[in-house]
Amino acid sequence: MEEMAEIEAAAGGGVAVATAEDWRRALAAVVPAVVVLRTTAPRAFDTEQAGASYATGFVVDKERGVILTNRHVVKPGPVVAEAMFVNREEIPVHPIYRDPVHDFGFFRYDPEAVKFLKYEEIPLAPEAACVGLEIRVVGNDSGEKVSILAGTLARLDREAPHYKKDGYNDFNTFYMQAASGTKGGSSGSPVVDCKGRAVALNAGSKSSSASAFFLPLERVVRALKVIQASWATFGSKPESVSIPRGTLQVTFLHKGFDETRRLGLQNETEQMVRQVSPVGETGMLVVDSVVPGGPAHKHLQPGDILVRANGEVMTQFLTLETLLDDSVDKVIELQIERGGAPSTVQLKVQDLHSITPNSFLEISGAVIHSLSYQQARNFCFKCGLVYVAEQGYMLSRASVPRHAIIKKFAGADIEKLDDFIVVLSKLSRGARVPLEYVSYSDRHRNKSVLVTINRHEWYAPPRIYTRDGVTGMWTSKPAIHSSSPMLSSPLHTDQSQIDQCSSVGETGLMDHNYQTGMEAVADGCVKMQTDEETLADGGDLSLEQKRRRVEEDTSMFEGNVLSDGVPDRNMDQEYASMDGTTEDMSHEIGAAVSNASLAEEVIEPALVMFEVHVPQSCMLDGVHSQHFFGTGVIVYHSENLGLAAVDRNTVAVFVSDVMLSFAAYPIEIPAEVVFLHPVHNFALVAYDPSALGAGASIVRAAKLLPEPALRRGDSVYLVGLSRSLQATSRKSIITNPSAAVNIGSADSPRYRAMNMEVIELDTDFGSTFSGILTDEQGRVQALWASFSTQLKYGCSSSEDHQFVRGIPIYAISQVLNKIITGGCNGPPLLINGVKRPMPLVRLLEAELYPTLLSKARSFGLPDTWVQALAKKDPVRRQVLRVKGCLAGSKAENLLEQGDMVLAINKEPITNFRDVEIACQELDKTTGHDGSLSMTIFRQGKEMDIVVGTDIRDGNGTTRMVNWCGCIIQDPHPAVRALGFLPEEGHGVYVARWCQGSPVHRYGLYALQWIVEVNGKPTPDLETFIQVAQGLEHSEFVRVRTVHLNGKPRVLTLKQDLHYWPTWELRFDPETAMWRRRTIKSLNSAIVE
């Protein structure tokens, strides 16, 4: 409700005026019993998302160790929590009850664990609440340890506050209101009077009017008495507490008599109600909504006025709820008036706990469970349907949003969670099956998508978590039998399994309606602040749906040549999925080709559209998105092997799921990343030509033309794919064939092209259109590639952008020839069942940039070198300078920032290609140590030095460890390019962290190295794993870190092996599979 608080004067007094001494004594007794609750929700569940937060609670039973707080603090799902008393004693607490409807719940703790504090429980006195009562709200407001806010109760009959349309909301109760201005963190605070009694429970607030909302305590007192009656002392509780709760699945609102008369209430009825009701009664209960499929469905309707229940006049929420709680599984009689006509209905009261989910399925990061009463009421769906609380990777890849209701899976109707699990157990890895769902925002239409079962072991096998009412923990067990085909690990997935849904009508349509961002918490429970990164492994993470737009010119190299930015287009609209209608597609292609250039006709069969997904559980190497699109080109196609090339802003990391759609034939097949060039902005992926079926003879590889190199003024054809996978082309002119790329490091370091010269055109199709550059005969001369960058505004704000430029095809051609001819000296990789040696790349790991000779002369470069370099390259007339060396490289400490590279092996050097050739020449000879003899100019002096080179493969990062919810890896090149590695050891780099994990709770965020654990150095992953294996569950661990900025830090965190076991993911080149291995778990029951 958005009304202003109405403060009613307490006529006749009745409220004693408390003195300052009264409040001092009361607060002295209250404050020691108030605790700060630090809670972590390791999984999303029902109305809550995974995350860490802090709130308030207070002791209501010292002997049994019971703490009262809000439901949204106790959480409906898994929770790990600690309570900190005013003397800074911290103890673990466990949930024992959370009300299904009202905003209260209880934690339990061991009273013996509090050793140094004297405190007493706070008595509950709901009867003491009255308008005009002076109160104090004692709690953890805005993160403060103890905050005391004053106020006066202004209303006792406020409607329950509405927080959000798809989250938790209280109902069927009055709330109190006061202008105390509480904020986040004060949830669960006691609202006390001058006698130190709790008269209400703080629940939420409205910042726009500084109003606070308090929950009355009558139902809290009842629940506490049930707990106390079944639990003598701490440790003696034999079983979980069962607090009877009844429901009709109906939401009532208290409407004034003026409103009920307009709804048709008869005058005689109003007169009778006023006579038998307490003095001051102003209205009656009116039906606001009825949940479909509930006891009252088709019996009650919105607008019905409740007159009597079991023969008793009923105008208050409290009396109605008391009747329902005492009548579980019994029939009650309701007398109502509907539009002035009286009627009587008999309804069976349902057990509220029976429609409150206490288990969930976790699969591929998704959390799926039965639809709760809370969400069924929000969405107007039947309770018990299969509900997606968190979409994870597998479902988000298919564009299934949060809050979706699954209706069909693999052609089978899904009514309950067990139905979903049965179908899931029959599927194999890599299978693609249809899924139908409905969303509350578009409830009248089912949507069909394709779900791909993970082929790689990105995630643990599916598990069922069930709440243990005694311990408050959620225990897990395998969701499917070990003999299920999903748990098998085939080297290659059968195409028949992949195409299980090929005969399904609209299931080929992909609805790219991704959920983005974390919704604001509106219930007074404050989320802990994060810094650099956000990732949800069972939490929320932000999914980028489109590439950013370049709204201003981006500097490409030192000098005065700029790259013109072009506004981005929505990727979700730009690349729509095919509908599988072969006849229509053929007709459209034919029409397009009839008006196409020769180059377009020739190259079209070689064009492919990439759709790339990166699992949230393993977002390595600083990758900035989980979903990418881009156009690539087939560079090799034979009976047994197909290879396609694309830019690294489409295939950014090795750990990716790639799908290829072909322009020449309407089919979509999976592909695997086989090579990521460490410097040049391109990647190679392999596909199985046999998966194309009849299309294998239609698809063909492009003809590459690495020589002659493109020159200024040359005409080329820019060819790519449109939204309907049809070739689109235009003739363009080369304006600059050798523009040097100069991309700065992003806030979170990720791959960026360096030491590259790119091609610029006079006209193109915008910053999202990638493709290729060909000559008139359709021979490929360059890859028209997308580059990722980050534009920074001021000191703290930045935005991701992209631009497109041409990459000369020679670099791709060189790598391709080595793979095809087998002339590689790298480790073998299994590609389509055949082991092939992969190329290694020799690099001078220093970032260079060009400087015009005119400027170099000003820095003191001698005329003899100016003339020699100008003679070597009269077009560029530049010299290369050192911007920095990659930390840990052989060039580090030999080359310095600002050095001018004049010659290698006495041959003048003027461009990046010259350096590459010098490195490649080393591989053609033997008996060398991999060093280059370089002539440099440093601080006015010419010097000859010997600089070592490094050898890198094309795999990127192939190993990671997840510890306490953070993703740990070796520092990738973009991190090393910053020029810093900790002296203590640099092999344990935190790349990401997960919502709701211990590292979230204790603040071990990304962009730092873990150099010590409990005083033991961790210089590399192997050492770290050995240390982690010795750490036990619930053990506090002391961690020393070094940030990217060089700042050291020491923090402690509490390990949670129950919800966050330590595990490793590693790529196995022998099987071309990513394998997952558990390093340390709570017990053998959860070993994957």
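A residue counts as buried when its relative accessible area is under 20%. The exercises below use that cut-off on a predicted model.

**Exercise 1.** Count the helices and strands, then give the share of contacts with a separation of 6 or more that join residues 24 or more positions apart.

Solution. The protein has 20 helices and 63 strands. Of the contacts with a separation of 6 or more, 69% are between residues 24 or more positions apart.

**Exercise 2.** Locate D914 and decide whether D914 is buried or exposed.

Solution. Step 1: D914 belongs to helix α17, which covers residues 912-923. Step 2: the relative accessible area of D914 is 15%. Step 3: the cut-off is under 20%, so D914 is buried. Step 4: leaving out residues up to four places away in sequence, D914 touches K872, P908 and I909.

**Exercise 3.** Classify R1066 by accessible area and describe its surroundings.

Solution. Step 1: R1066 sits in strand β62, residues 1062-1068. Step 2: a relative accessible area of 36% lies between 20% and 50%, so R1066 is partly exposed. Step 3: with residues up to four places away in sequence left out, R1066 touches T958, R959, E1022, M1073, W1074 and R1075. Step 4: T958 is 108 residues from R1066 along the chain, yet their C-alpha atoms are separated by 5.7 Å. Step 5: the side chains of R1066 and E1064 make a polar contact at 3.1 Å.

Definitions and conventions. Residues numbered from 1 in each chain as written. Predicted model: local features only at pLDDT ≥ 70, side-chain atom pairs only at ≥ 80, totals over all residues. Heavy atoms only, no water. Helix = DSSP H or I, 4+ residues; strand = E, 2+ residues; numbered from the N terminus. Buried < 20%, exposed > 50% of the residue type's maximum accessible area, 1.4 Å probe, protein only. Contact = heavy atoms within 4.5 Å. Polar contact = N/O pair within 3.5 Å; in protein donor to acceptor, adjacent residues only side chain to side chain.
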